Amino acid sequence: MFRSIHDSLEPKIVTLFKHQGYSRSDFMADAIAGLAVAIVALPLAMAIAIASNLPPERGLFTAIVAGFLISAHGGSRYQIGGPTAAFIVTVATVAMKHGYEGLVLATIMAGIILMIMAFVRAGELIKFIPYPVIVGFTSGIALLIAFSQIRDFFGLSITAVPPDFIDKLYVYLAHLHETNFIAVILAIASIGVILLAKRHIPRIPGPIIVVTLSALAVWALNLPVETIESRFGAIPSMLPTPVWPEITFEKLRLLLPDAITIATLAAIESLLSAVVADGMTGTRHKSNAELLGQGIANVASGIFGGLPATGAIARTATNIKAGARTPIAGMMHAVWLFLFMLLLSPLIIKVPLAALAAILMVVAWNMSEIKHVKEIMKAPRTDRIVLIMTFFLTVLVDLNFAIQAGIALASILFIDQMMKATQIRAVESEENDPDSTANKIIPQGVEVYEIQGPLFFGVAEKLVDTLMLFETPPKIFILRMRYVPLIDAAGLHALEVLHERLAHHHTQLILSGVNPEVHRFITLSRIDILIGAENIVDHIDKAILRANEIVGEKES
């Protein structure tokens, strides 16, 4: 058992080095891929921090520290980690409610939760989150990201933007007359450059072209738009000294819901990114090792003054397309980012905020899942309901509640579908069924009914209500259970109630076709003693023989 746990948590880099080694050509390929990813990550990391109402260096610290550790300790061969746009709303809300120190503590707590999830091997459980829930909250986050960029996109002079969607809308409308049309033109031009670069020069990342050209334009033409320097001043060229936040029980209690939200989102995003990477390369990630790496990275990111981190799908895809071979590429991307911060920080601060807003607008569009939303809107009605509810709760309430409500609603609707799929009916003649009752001689006064599907709490009441179908209670009631794969406590209780009500009318219950697993639970709950062990059989022929015996006993 301990060996199995160790193997599931072993970093992917260790597994790869054990089985295939590492050559100089591998390192050169990883270093070049890491450089390509770092060029993409540089503007994104700063833009995500600024969109979260925090200084841009916080995003760089996260990309460097967490990016290095996610690749070093994670379970994916190609995963690139760092700050992602999906965290913007959550980070901004936590920082506004509890201050930056509160955000740091929540990030560290989330890291510890992720490590616990890894040790209890919860990596496989993430796949049970319904697909409409994932698409719903992802689309909701995309809308919130785009909405959060309106201030810088339009150059509005707003000192503080509230986190709530409706409050934010009122603030924007109150300041819309302050629109800086030069900022708007710069932002629209930036989006155009990104789209043109993607079409005509896909090898060169559009965001790095945008930040370079926009900074040059602002400097050369002296454009009256806000830049990183005008809002935040200089950014440091070194990582900060690690600091452990002050911890009290009251802080832990207040921040636990936010930490759970961060951990849940980090787990979902990182494992989705790892699955995408597997699909692109034909490899297979280690989900529990990935969660462990994410946990370690988030703890370290908090200590080094960063933000929550997770796997970044777009940067991971860039890493693969750039020719990465091992997790060393992700570690090198962090090293390159550190060198950029060390050497280029005086130039980085010249980037206009309108250009960064445009980059995030494009990121939000790519996150919006429009294609998948259209697919689900053609799916069954239950999926559409779950998608729409999760989307609106994400936008209007918060992500944590949206995920919980979405999963709860999806589960309830699934149970309802299972109830409808599970049939309890009088046995009818079935073609090609050697055990059909049409081929059997059923004694007088014997009724045969059959359950098709699991006998669980959603079906239990339907089973008991079957008795209402009889005008005159039969002498013997045979319940065929050959198509019952599982039973829960409510199903066991329903059998007990069914037996008691039948006994009240002097009707004997016989269970037929009970599989060994269901029989085991019937025995453990001592229902076999109530019904009579001789009245629980594994085949319809034995049930009919037993019915004949009972009929004979009653007649004698």
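Predicted model: local features only at pLDDT ≥ 70, side-chain atom pairs only at ≥ 80, totals over all residues.
Start by selecting residues 24–51, which form helix α3. The 28 residues should span 40 Å at 1.5 Å a residue, and the end C-alpha atoms are 40 Å apart, so expectation and model agree. Now go to A41, where α3 bends by about 35°. A proline, P43, follows within four residues of that bend.

Step just past the end of α3 to N53, which has a positive phi of about 65°.

Next select R121, in the loop between α5 (88–119) and α6 (131–148). Its phi is near 55°, a positive value in a residue other than glycine.

Move on to N222, found in the loop that joins α10 (206–221) to α11 (228–232). N222 is not a glycine either, yet its phi is positive, at about 55°. Because its relative accessibility is 65%, above the 50% cut-off, N222 counts as exposed.

Finish with the nonpolar cores. The largest has 103 residues, and those with the most contacts inside it are F137, I141, I145, I228, L337 and L356. Select F137 and display its neighbours: leaving aside residues up to four places away in sequence, F137 touches L265, I268, T390, T394, L399 and I403. Apart from this core lies another, of 28 residues, including V459, L498, L502 and I527.

Terms used. Residues numbered from 1 in each chain as written. Heavy atoms only, no water. Core = buried A, V, L, I, M, F, W, Y, C linked by side-chain atoms within 4.5 Å. Buried < 20%, exposed > 50% of the residue type's maximum accessible area, 1.4 Å probe, protein only. Contact = heavy atoms within 4.5 Å. Helix = DSSP H or I, 4+ residues; strand = E, 2+ residues; numbered from the N terminus. Expected span 1.5 Å × (residues − 1). Bend = angle between axes of the 7 residues up to and from the residue.
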